Amino acid sequence: MTQDEMKKAAGWAALKYVEKDSIVGVGTGSTVNHFIDALGSIKDDIKGAVSSSVASTEKLKALGIEVFDCNDVAYLDVYVDGADEINAARHMIKGGGAALTREKIVAAIANKFVCIVDGSKAVTTLGEFPLPVEVIPMARSYVARELVKLGGDPVYREGVTTDNGNVILDVYGLKITDPKGLEDKINALAGVVTVGLFAHRGADVVITGTPEGAKVEE
Ligand code: 5RP
C-alpha cells in the first residue's frame with residue numbers, strides 16, 4: 001500500500017463518526033482531501049460543513065457540500081483533521097499546510113476531534129517535524145528571536161501567506177517534552193497568532209491508515 005492509499009483508508013474510515021443531518025468540521029491537507037471525497041458520497045445525509053481553509057472550502061463546494069460560516073455554528077459534534085506529528089498522549093503538531101489558525105478555531109468548537117493520519121505521523125517526542133507558528137508580518141523578526149531563546153531554530157516559510165494574511169515561521173530543532181507548556185509560552189509572545197501545537201486541545205480519536213487498513217483508537 002502506498003502512503004496515499006493509507007491516508008485514503010484513514011480518511012474514509014472517519015465517515016463512521018459523521019452523524020446524520022449534522023454539520024461536520026473539516027480540516028485541511030492531503031489526508032483530509034480523502035475524507036472530503038468520502039463526505040461527498042453521503043452529502044445528502046449531512047447539513048454541511050465548517051471548513052478550516054480556503055482550499056478545503058473549494059473542494060467541499062465543488063462536491064456540492066454547503067459550507068457554513070464558523071460564526072453561525074455554536075458547536076460541532078465532530079472535527080476531522082490530519083496532523084504532521086502525533087504522540088501517545090494525542091498531542092499534535094499541525095500547520096504543515098499553513099492552515100493552523102483556522103484549524104484550531106474549528107477544533108475549539110468541536111466536541112470530538114478525530115485525527116486521521118498514516119503511520120509515519122506517530123512519534124515518541126514531538127519536534128522532529130518543524131513546528132509552524134503563524135505570526136503577524138511586522139512581528140516576524142521579534143518572534144523569531146524569542147523562539148531562538150526557547151531553543152528553536154526558526155525559518156521563515158518564504159512565499160507563503162496564510163488565509164489570514166500572516167506569515168509562518170517553521171521552528172526546527174525542538175524536542176518537545178512539555179507540549180502544553182511550550183504551547184502556552186509561544187502563544188504568549190506578542191505577534192504570535194497561533195502555534196501549531198495542539199496539546200491543550202488534542203485528538204480524541206486517532207485513525208491510522210496502515211497496510212492492513214484503518215486502525216481506530218478511541
Ligand atoms: C495543515 C495541517 C495538516 O493536517 C497536516 O499538514 C497534515 O497534512 P497531510 O494530511 O497532507 O499529511 O495541519 O495545516
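**Entry 1: Pro 137**

I start with a cut-off: a residue is buried under 20% relative accessible area, exposed over 50%, and partly exposed in between. I note that the model I am reading is predicted. I looked up Pro 137 and got a relative accessible area of 43%, so I log Pro 137 as partly exposed. I found Pro 137 in the loop between β8 and α5.

Next I asked which residues Pro 137 is in contact with, leaving aside its neighbours within four places in sequence. I listed Gly 165, Asn 166 and Val 167. I then checked Pro 137 against Val 167 along the chain and found them 30 residues apart in sequence. In space, I read 5.8 Å between their C-alpha atoms.

**Entry 2: helix α5**

I moved on to α5, which spans residues 140–149. Which residues of this helix are buried? I noted Val 143, Ala 144, Glu 146 and Leu 147. These cover an arc of only 165° around the axis, so I place them on the same side of α5. I then looked at the face turned away from that buried side, and there I found the exposed residues Arg 145 and Lys 149.

What covers the buried residues of α5? My list includes the strands β8 (131–135), β9 (153–156), β10 (167–172) and β11 (192–195). It also includes the helix α6 (179–187). After α5 I came to Gly 151, where phi is positive, near 100°.

**Entry 3: Thr 194**

Is Thr 194 buried or exposed? I read 6% relative accessibility, so Thr 194 counts as buried. Its side chain makes a polar contact with the side chain of Thr 101, at 2.7 Å. I left aside the neighbours within four places in sequence and wrote down the contacts of Thr 194: Leu 100, Thr 101, Lys 104, Pro 132, Val 133, Glu 134 and Asn 187.

I looked up two residues here. Asp 21 has a positive phi near 60°, and it is not a glycine. I located Asp 21 in the loop between α1 (3–13) and β1 (23–26). At 47% relative accessibility, I log Asp 21 as partly exposed.

Arg 90 is not a glycine either, and I read a positive phi of about 70° for Arg 90. Its place is the loop between β5 (85–86) and β6 (92–93). How accessible is Arg 90? I got 19% relative accessibility, so Arg 90 counts as buried. The cut-off for buried is under 20%.

**Entry 4: the ligand**

I counted the shell last. There are 17 residues around the ligand. Which of them come nearest? I wrote down Ser 30, Thr 31, Asp 84, Gly 95 and Lys 121. By class, I found three nonpolar, eight polar and six charged residues in the shell.

I then looked up distances from polar side-chain atoms to oxygen atoms of the ligand. For Thr 31, I read 2.6 Å to a ligand oxygen atom. Asp 84 also has a polar side-chain atom 2.6 Å from an oxygen atom of the ligand. For Lys 121, I read 2.7 Å to a ligand oxygen atom. How much of the ligand does the protein cover? On its own the ligand has 380 Å² of accessible area, and I noted that the protein covers 91% of it.

Methods:
Residues are numbered from 1 along each chain as its sequence is written. This is a predicted model: local features need pLDDT of at least 70, side-chain atom pairs count only at pLDDT 80 or more; totals for chains, interfaces and linings use all residues. Side-chain values use heavy atoms; hydrogens and water are left out. Buried means under 20% relative accessible area, exposed over 50%, partly exposed in between (1.4 Å probe, protein chains only). Helices (H or I, at least four residues) and strands (E, at least two) are DSSP runs, numbered from the N terminus. The arc is that of the directions from the helix axis to the C-beta atoms. Contact means heavy atoms within 4.5 Å. A residue is near a molecule or strand if one of its heavy atoms lies within 4 Å of it. A polar contact is a pair of N or O atoms within 3.5 Å; within protein, one must be able to donate a hydrogen and the other to accept it, and residues adjacent in sequence count only if both atoms are side-chain atoms. Accessible areas come from the Shrake-Rupley method with a 1.4 Å probe; for residues, only the protein chains shown count as cover. Ala, Val, Leu, Ile, Met, Phe, Trp, Tyr, Cys and Pro count as nonpolar, Asp, Glu, Lys and Arg as charged, and the others, Gly among them, as polar.
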